[in-house]
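Me: I have a chain to go through with you. Can you take a look at it with me?

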Amino acid sequence: RLFVGTWNVGGKSPHDGLNLKDWLRSPSPSDIYVLGFQEIVPLNAGNVLGPEDSGPATKWLSLIRQALNGTKSDEELCQYYAAAVEHKKQRLSFSDLISIEDELGREDFQRFVALNSNMGDDGSKNPTKPRYRLMVSKQMVGIFLCVWVRADLNEHISNLKVSCVCRGIMGYLGNKGSISISMTIYQTTFCFVCTHLASGEKEGDEVRRNSDVCEILKKTRFNNHSYGDSLSPETILDHDNIVWLGDLNYRLATTHVETCELLERNDWEALLEKDQLKLEQKAGRIFSGWEEGSIHFAPTYKYLIDSDYYVAQACKSKDKLRIPAWCDRILWKGEALKQQWYVRGESKFSDHRPVSSSFVVNVRAKESNVKKKLVKSSSTILPGVAKIQAEELLVIPATAGPRLSFCRPVH
């Protein structure tokens, strides 16, 4: 199961209490989380031309880690356990556990129980390992892409590569452009492309966005080397499965008055008929053969910060007017990807609403390993549960491998 999310955070650094759980929720827990951001730093001259500010990225990673692995750190939960042992008794009673569950909440309580079973009475043993680990992260000015993986899947992911393409000022600076991450999961190749395309809602601005997409597809390159019996993918389109996410900045080819009237009626279907991305795709000028889920949510841009009102509904100045649009999108290409849902979050932190999508993905495992596990287990399982256990063996837990982190743009 694959979760993909994108969010333009408007150049704001996150505060410690920012809740990401609304954005990261899905019908069922995912095995891989691919999270892309745009404008994690303000797009001013200092950030575009000067040294990279990695402070906000570090804060976002911390918040994501907390959201995926629990609201409290394992160190904090260790302290709860040590305090319970010291102030109550060596063996916690049922009433003690009820009290602790009320205090911690259900999710943290479950982790507390796991810590309880993995530590001595003095709380000295190492806490349980996190469920999700950061596999790779990359920043280019305001664009930031990170991939989190279920801990036991780490060793089944290989050929991690990153490629960046600058499409900003004069087509050379990184205030606009893409970060692409290539990886192999078992024997299936994936590419995740996080982009921030040309802005503007003047007539013809969609042509600049089309040009950005074409240049990203042409210029993105991954160092090619052999793996198994074949070569690893060199371009975006060489991969078995591709997910393109980000602030694509396509607007609505309509007037302010008409847009506001349709917004009042929540008539998304009529508005989407004016969507530039769909119009350009239908005309065959861009993203030919790519898929996007049905949109059943309101335009994601541009809101007044900390408000449910669009700027277009409150602003009287034509210079600052922004017609609401579905700027934030997730598209994909690949037969193995089956979309479960496509929604937006409702955080008011930015002038954009976050967007997410959940997929079920079929991957090719090493046939010899799977057969070996099935043969080995056939003598120990009962006939009634043979089918269930055989299916479970297709994903084999293992000790997590090392984490790779890429810290500077690749040009």
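This is a predicted model: local features need pLDDT of at least 70, side-chain atom pairs count only at pLDDT 80 or more; totals for chains, interfaces and linings use all residues.

Me: What does the pLDDT average?
Reply: The average is 82, and 72% of the residues score at least 70. pLDDT is the predictor's confidence in each residue, from 0 to 100.

Me: Where is it below 50?
Reply: Residues 372–411 are one such stretch, with 54 contacts in the model beyond near neighbours in sequence. A contact means heavy atoms within 4.5 Å.

Me: OK, overall make-up. How many helices and strands?
Reply: The protein has 13 helices and 13 strands. These are DSSP runs, helices being H or I with at least four residues and strands E with at least two, numbered from the N terminus.

Me: And how much of the protein is buried?
Reply: Of its 411 residues, 50% are buried. Buried means under 20% relative accessible area, exposed over 50%, and partly exposed in between, with a 1.4 Å probe and protein chains only.

Me: Switching to α8. Which of its residues are buried?
Reply: In α8, residues 256–264, the buried ones are T259, C260, L262 and L263.

Me: Why do they line one face?
Reply: Down the axis of α8, the buried residues fall within an arc of 165°, so they line one face of the helix. The arc is that of the directions from the helix axis to the C-beta atoms.

Me: What's on the other side, and what do the buried ones pack against?
Reply: V257 and E264 are exposed on the other side of α8. The buried residues pack against α9 (268–272).

Me: Now the largest nonpolar core. Which members touch the most others?
Reply: Of its 50 residues, L2, V34, V147, M183 and V243 do. A nonpolar core is a set of buried Ala, Val, Leu, Ile, Met, Phe, Trp, Tyr and Cys residues joined through side-chain atoms within 4.5 Å.

Me: Which strand gives the most to it?
Reply: Strand β5, residues 157–166, with 5 residues.

Me: What does V243 touch?
Reply: Leaving out residues up to four places away in sequence, its contacts include L2, V4, F192, I330 and W332.

Me: What about a second core?
Reply: A separate core of 25 residues includes W7, W60, I64 and Y132.

Note on methods: Residues are numbered from 1 along each chain as its sequence is written. Side-chain values use heavy atoms; hydrogens and water are left out.
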